[in-house]
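Reader: I'm new to this structure and would like a close look at one single part of it. Could you pick a helix and walk me through what surrounds it, then show me a few other spots?

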Amino acid sequence: MSKLMISVSGIRGVVGDGLSPEVIVNFAQAFGTYLGSGRVVVGRDSRVTGPMVKHAVYAGLMAAGCDVVEIGVCPTPTVQMAVELLKARAGIAITASHNPIEWNALKLIDTTGLFLDELQGKKVLKLVEDRAIQHVNWERVGKVEMFDGAIEHHLQSILKLSVIDPKLIASRKFKVVVDCVHGAGGTILPALLERLGCDVIFINKEPTGLFPRPPEPLPENLTELCTRMKAVKADIGFAVDPDVDRLAIVSEEGKPLGEEYTLALAVNFILQKKQGPVVVNASVSQAVEEIASRYDAEVIRTKVGEIFVAQKMRDVAAAIGGEGNGGVILSELHLGRDALLAIALTLQQLAESGLTISRLHQALPQYFQSKNKIQIGEFPVATILEKLLEKHKKEKLDQTDGLKFLWPDRWVQIRPSNTEPILRVYSEARSPDEANALGFKFVKEIERIMKIS
Ligand code: MG
């Protein structure tokens, strides 16, 4: 499989094996052509390949006649919010998010601060494919300016939120352990937690980009954080991914709650204060429906992907929304996933309730997910989905994204990947064993379909 993927959601690849300066310049110049002109805010995570990618991005944008506003190493939500603040034409976040160290990528941001949607992405992609790229003459080649206020703006925006009381949080003097995995978190989380009066112990703080473990904040990758939590008797532990849009929480007992519960906790908290629908993607835990029903709030599901959730939140004036991988979105702040937001909401909830994080977690409906994937190669996805539909036609069905069969206390979702020849099989139930068994049953069914067809 090629380690370069160019799609409507941007460009992603392995440096030295596909993601070359030529490819990046070409893509950035196509984006600059799509924009026509104007200022483009560019920020990046801490990856060691970031400076190389950055210079290629600048060359492409400037050659197409766009100016660059450089904001440095920072979280992806900081880039999105800087686009809004500076009323820029667009933005680019240079980050491969939770992908391993050898990867890098460009995430394209619209003038609204939201990621490009499918239609906009297709237009950029067509310019790349047609090589219909604008080369401006010397007079119109873009300039680079620096802006060093993006991180401060992000911090202020969090501390000003109507639901956050920094003084109350500070009065509790929480002891917090934070794992930044040497990503962009180290550029902003120390200031956030200091202003919230926390006693903080950082691990992997410096934004060197040298990830000491797989950078995705999954429970199995958080052993160092869990061990440290127990050793120092902290109130709560936080882990962020390299571009700081996802948050995982570890309890005072040193147990990861699972990323689904970052969003579930936030939803439970916000619905006590705000009215309005909750928007989540089709893979998010059913716990969110049960929580929302306690507050008579409606839950609206979208396809998987931040842009789908963000657009729907805008359309329905949602109270809160997000994705189950620890991505919380609050309309009042900005329509994008933000780990700083999730940290502030969690600390506020601890401060107001006076309860421990494990007590808050236990008060929520308990569900467990099992995530599997199947390599399907050239086998037609449509055939698999048709046969599954036929076999399970009596079950309750949701087709928001792939196929999702639902029972009162469990569900299974079969969803083709947009970028790889795989089918994702996610299942959820009241216990890990039941979730695993349900997922395994469907994996076996799909393997059987592929064998006999
Ligand atoms: Mg990320």
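**A close look at one helix**

Author: Let's start with helix α11, residues 306-316, where Glu306, Ile307, Val309, Ala310 and Met313 are buried. Buried here means under 20% relative accessible area, exposed means over 50%, and partly exposed is in between, using a 1.4 Å probe and protein chains only. Helices are DSSP runs of H or I with at least four residues, strands are runs of E with at least two, and both are numbered from the N terminus. Looking down the axis of α11, you'd find its buried residues within an arc of 165°, so they line one face of the helix; that arc is taken from the directions from the helix axis to the C-beta atoms. An α-helix has 3.6 residues a turn, so residues three or four places apart point the same way.

What lies over that face? The cover on the buried residues of α11 includes α3 (76-85), β12 (278-281), β13 (299-302), β14 (320-323) and β15 (327-329), with contact meaning heavy atoms within 4.5 Å. Just after α11 comes Ala317, with a positive phi of about 50°.

A quick word on the model: it is predicted, so local features need pLDDT of at least 70 and side-chain atom pairs count only at pLDDT 80 or more, while totals for chains, interfaces and linings use all residues. Residues are numbered from 1 along each chain as its sequence is written, and side-chain values use heavy atoms, leaving out hydrogens and water.

Positive phi turns up elsewhere too. Val181, in the loop between β8 (175-179) and α7 (189-195), has phi near 50° without being a glycine, and Val181 is buried at a relative accessible area of 0%. Asn204 is another non-glycine, with a positive phi of about 55°; you'll find Asn204 in the loop between β9 (199-203) and α8 (223-232), and at 14% relative accessibility Asn204 counts as buried.

Now for the metal. Ser97 (OG), Asp241 (OD), Asp243 (OD) and Asp245 (OD) coordinate the magnesium ion at 2.1 Å. Donors are N, O and S atoms within 2.8 Å of the metal (3.2 Å for Na, K and Ca), and water is not among the atoms, so sites may look incomplete. Ser97 sits in the loop between β5 (90-94) and β6 (103-109), and Asp245 in the loop between β10 (236-240) and β11 (247-250), so this pair ties together parts 148 residues apart in sequence. Ser97 counts as buried at 7% relative accessibility, and Asp245 does at 1%.
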